[in-house]
Amino acid sequence: MADNSVLTVSIVTPDGKVYECETATLVVVRTMSGQLGIMPNHIPVIASLEVDEAKVTHDGKEDEIAVNGGFVEFSDNNLTIIADSAERQGDIDVDRASKAQHRAEEKIREAREKHDDQEVLRSQVALRRAINRINVAKR
């Protein structure tokens, strides 16, 4: 019989599984509607995710994963995040993320000068992703 006091958490991307935990007691993610906390026996839910961190509490500690979009699905104490990309806190290369931040900021400046609204939007997403990675890595 399954343990009803814990969650099984999986985070997957197009490149494969990034994270798995079978003893989680709380998962917190940022959805398009705001922050969502899921504990064992929560009602089923599907929600679109913002570019932000996912926090997984288990065994008295907390794991942080930079999640870049996607969605979360939860039912029967199984939580799956399907993300465009995701990185565990310890796997984030801060130098690479900082370079990505600077590239995105430069692209935003150039796109604004050219009045290219679509490029501004794309570059703003890239900037949010880079800042998210930096923030998660530095916690």
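Residues are numbered from 1 along each chain as its sequence is written. Because the model is predicted, local features need pLDDT of at least 70 and side-chain atom pairs count only at pLDDT 80 or more, while totals for chains, interfaces and linings use all residues; side-chain values use heavy atoms, with hydrogens and water left out.

**View 1. Helix 2 and its neighbours.** Start with helix 2, which covers residues 117-137; helices (H or I, at least four residues) and strands (E, at least two) are DSSP runs, numbered from the N terminus. Its 21 residues reach 30 Å from the first C-alpha to the last, close to the 30 Å expected at 1.5 Å a residue (the expected span is 1.5 Å times one less than the number of residues). Look for its buried residues, among them Val120, Leu127, Ile134 and Val136; buried means under 20% relative accessible area, exposed over 50%, and partly exposed in between, with a 1.4 Å probe and protein chains only. The buried residues of helix 2 pack against strand 5 (51-58), strand 6 (61-68), strand 9 (85-88) and helix 1 (94-113), where contact means heavy atoms within 4.5 Å.

View 2. UniProt, in an unreviewed entry, lists residues 91-138 as "domain: ATP synthase epsilon subunit C-terminal"; its positions are given in the numbering used here, feature names are shortened, and annotations may be inferred rather than shown by experiment. Over residues 91-138 the chain is 85% helix and 0% strand, and the end C-alpha atoms lie 12 Å apart.

**View 3. Strand 6 between two partners.** Strand 6 pairs in the antiparallel sense with strand 5 over eight bridges and with strand 9 over four; two strands pair if DSSP finds at least two bridges between them. Val67 in strand 6 stands opposite Asp52, and Ala66 has Glu87 of strand 9 as its bridge partner. Two residues lie between the strands in the hairpin of strand 5 and strand 6, where Asp59 takes a positive phi near 50 degrees. Six of the eight residues of strand 6 are buried.

View 4. A cavity is a set of points on a 1 Å grid over the protein atoms alone where a 1.4 Å probe fits but cannot get out, and lining residues have an atom within 4 Å of a point. The count comes to one cavity of 30 Å³ or more. The largest cavity has a volume of about 40 Å³, the volume being the space filled by probe spheres set on the points, which are joined across faces, edges and corners. Its lining includes Val29, Arg30, Asp52, Val67 and Ile81. Strand 5 gives the largest share of this lining, three residues.

Note on methods:
1 Å grid on protein atoms, 1.4 Å probe; cavity = no way out; pocket = protein on both sides within 12 Å on 5 of 7 lines; lining within 4 Å.
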